[in-house]
Amino acid sequence: MSAQKLLVLGTGGTIAGSAATATGQSYAAGEISLDAMIADIRGLGLTVELVPKPIARIGSQDIGWEQWDALHGEIIAAQADPDIAGVIITHGTDTAEETAFLLDLTLDPGKPVVMVGAMRPADAVGSDGMRNLANAIRVASDPKAQDRGVMVVMGDTVFAASDVRKAATSNIDAFKGYPRGPIARVTPSSLDWFAPAHRVGSTARFQWPEALPRVAILTAGAGIDAMPVKALLGIGCKGIVIAGMGQGNAPRVVLDALAEAVRDGVPVVRSSRVDEGMVDRNVEVDDDAYVFVAARALGPAKSRILLMLLIASGVTDAKAVQAAFDGD
Ligand code: SIN
């Protein structure tokens, strides 16, 4: 029997990073080529065939439309290719949450799509990149990984794109899931799933757009006034996500300015700057009166991705936007 073939799409990040010294802190993301990474992992003698396809060699803070469009196109082609069993994306960890969620919302389930990164560059002492990549290969080649949508593999843990976020700046176990925690634990020699394949029978929630609109995240802070809201409208933002205090709160002057934005046709989503938890409707802020949308379980980064896709699909009415954030 021939070996399973996995497409590996490389974008850069710390997993392809090179440090000035093995013990120092500074490094450059995306320095190591995908071919070199694949040659290293092949040295482990894994029984899969890896097909490398470089997309970019950048830190994920610079990821945007161009790379997303290329990734989406490659995955659609891989889904249609009977020779390819699954897809791995090597990616920086800073915006892994956003890329994973965007792809998850716009791809049918089926073949596994596994994103993987590293917290330490490849040549740093205690680097986690090769182990994470070996784990990602294990997940992407597992028949039980089918129909789970896009997943992120970090620190021996598998998360669904809809839950995952980066929650620490430098720890090896930097990723967390909310509302669900990990859906599997993985090592190079084991894989244990805890949750059923949650996307069986579903389809992509959105068509891949022609472009994405400008949507900003505004973080509320004590003493903030209405000027940042006015500035965002002044640069043509088509939607605003407020990363509010606590349950998505903000000073009255900010809420009033946001209500004006809504009246001008700019949808406003209230999420929270707090690390974890629900933002529900009409708790401290009267969403019905302000015509705001509550982000529910989504944090600011995911809220922005979902709002961009909604606006790109022509959905701006608060009720319809709320239904999408409710998961309907
Ligand atoms: C990046 O996101 O590209 C830098 C940080 C990382 O990969 O961990």
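Start at the boundary between domain 1 and domain 2, where four salt bridges cross the interface. The model on screen is predicted.

**Stop 1: the two domains.** Select residues 4–193 and colour them as domain 1, then select 215–325 and colour them as domain 2. The C-alpha centres of the two domains are 30 Å apart. Where they touch, 17 residues of domain 1 are in contact with 12 residues of domain 2.

**Stop 2: the buried area.** The size of an interface is often given as the accessible area lost when the parts come together. Here domain 1 and domain 2 bury about 1,200 Å² between them, and 65% of that area is on carbon and sulfur atoms. Select Glu98, Phe101 and Tyr178: in domain 1 these lose the most area to domain 2, and together they make up 44% of what that side buries.

**Stop 3: polar links across the interface.** Side chains of opposite charge can pair when their charged atoms come close. Between the two domains, six residue pairs are in polar contact.

**Stop 4: the domain 1 side.** Which elements give two or more residues to the side of domain 1 that touches domain 2? Select α3 (96–106), β9 (164–166) and β10 (175–177) to see them. Of these, α3 gives the most, with six residues. Sorted by class, this side of domain 1 has nine nonpolar, three polar and five charged residues.

**Stop 5: the ligand.** Now select the ligand and the residues around it: Gly13, Thr14, Tyr27, Gly59, Ser60, Gln61, Gly92, Thr93, Asp94 and Ala118. Three of them can be checked with the distance tool. In serine 60, a side-chain N or O atom is 2.5 Å from an oxygen atom of the ligand. For threonine 93, the distance from a side-chain N or O atom to a ligand oxygen is 2.4 Å. In aspartate 94, a backbone N or O atom lies 2.9 Å from an oxygen atom of the ligand.

**Stop 6: aspartate 94 again.** Aspartate 94 sits in the loop between β5 (84–90) and α3, while lysine 166 is in strand β9, so the pair ties together parts that are 72 residues apart in sequence. The total count of salt bridges comes to 13.

Note on methods:
Residues numbered from 1 in each chain as written. Predicted model: local features only at pLDDT ≥ 70, side-chain atom pairs only at ≥ 80, totals over all residues. Heavy atoms only, no water. Domains from an automatic or database assignment. Contact = heavy atoms within 4.5 Å. Buried area = accessible area lost by both parts, 1.4 Å probe. Salt bridge = Lys/Arg side-chain N within 4 Å of Asp/Glu carboxyl O. Polar contact = N/O pair within 3.5 Å; in protein donor to acceptor, adjacent residues only side chain to side chain. Helix = DSSP H or I, 4+ residues; strand = E, 2+ residues; numbered from the N terminus. Nonpolar A, V, L, I, M, F, W, Y, C, P; charged D, E, K, R; others polar. Near = heavy atom within 4 Å.
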